[in-house]
Every structure is written in C-alpha cells, then in structure tokens.
Amino acid sequence: MKHLSTFLIVSLFASLSACTFYDAEPGPRGPQGPQGADGTQGEKGDSGYVMEWENVNFTAHSYEVILSYNDFDFQGFESDIALVYFLWGTEEVGGETVEIWRQLQQTILTQDGILQYNYDFTKNDVRLFLDATYNLDMLSAVDTDEWIVRIVVIPGEFWNNGRLDTSNYNEVVDLLGLPELRSHDSSLVRR
C-alpha cells in the first residue's frame, strides 16, 4: 500500500510540474542557433515561355480562334498568366526594320464604329475573339486575316512581383530571358 501511495504522489507531482499555467509569463528568448549549411542549387526553372502562330484568321460567324498550347507540347499551370501580342506592322529605325507588337486588348475606332481584339485563356489554350459595335461581317481581310500572334506564358510568381511592364513585348522578352524569335515580313498594313 505504501508503494501505491508513493507512486500516486510522485505521479501527481510529475503531472502538476509539467503543466503550464495560462497566466504564467514566458521566459526570455534563447540565443539564435547556428546558421545551417546552404542546400544544393537546383536547376534554374523557366521564367516564361513564348509561342508563335502565323496566318491566324478570324472567320465569319464566330470571329474567334482557339490557339492550343498542345501545338507546342507545352503544359500550363492554373497559376500561369497568358499575354497575347499581335504583330501590328513594321517601321524603319536607323536603317533597320523593327517589328511593332501590340498587346491585346486592342480597341480600334473605325468609320463604322468600335472594333475590339480581345482574348481569354486557360491553362491549356488562348481564345482570341473580335467584338464590335457593328456587324462583324463588314470587316475586311486587313482586320481578320494573316495575323501573327505571340503568346507569352508567365509563371504566377513573376506576375505578382510588380516589376513587369507587360505593354512592351520586347521588355517582357528581356526581363524574362525569353528566346528571340525570327522576324517577319508583314504584307498587310493594319489600321
């Protein structure tokens, strides 16, 4: 019996000494531990991906085009952002032909009303579409045919860092270290 009561008293004392009371103040913070060794450097990941389609045509009735990432064996993520650029024309600068790229959405004021080039995207594709304040069947080939389209897919972490001015295609390419794509001869003069 004496052993049982001693055991119960020791157990009760151990249980109470292990408890922390809510009104007790924490002690001072301990010193900073030593810095751990640096881990091995992983492979550099992609900072973005650029794809290009030529001869993109908006055809009657739907006036929309779906550009699939599968054409480039590319798999996007839900967090990716897609930016779309149209080759709008070229100009001579210092004896060199320079391409003019415009980021969508583009709104054009025509003699018939307002024409808008726009897009939406998923992790698998981009849908380009036209909208206007007038009947789209009135559009000419200059408005609908032979577009050269570049899509830049940017990982979400780059999008949220606030350093990216997406309106200038060349700045996006430089900042993300994207590959140079070939120049084009654009025979159509856009509005």
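Tutor: Read along the sequence, the protein chain of this predicted model follows the pattern α-β-β-β-β-β-β-β-α-β-α-α, with four helices and eight strands; helices (H or I, at least four residues) and strands (E, at least two) are DSSP runs, numbered from the N terminus. Residues are numbered from 1 along each chain as its sequence is written. Local features need pLDDT of at least 70 and side-chain atom pairs count only at pLDDT 80 or more, whereas totals for chains, interfaces and linings use all residues, and side-chain values use heavy atoms, leaving out hydrogens and water.

Student: Why is N124 called partly exposed?

Tutor: Buried means under 20% relative accessible area, exposed over 50%, and partly exposed in between (1.4 Å probe, protein chains only). N124 has a relative accessibility of 36%, so it counts as partly exposed.

Student: Where is N124 found, and which residues is N124 in contact with, leaving aside its neighbours within four places in sequence?

Tutor: N124 is found in the loop between β6 (114–121) and β7 (125–132). Apart from those neighbours within four places, N124 is in contact (heavy atoms within 4.5 Å) with S68, Y69 and Q75. The C-alpha atoms of N124 and S68 are separated by 6.2 Å, although these residues are 56 residues apart along the chain.

Student: What makes E171 partly exposed?

Tutor: E171, which is found in helix α4 (residues 169–176), has a relative accessible area of 42%, and therefore E171 is partly exposed.
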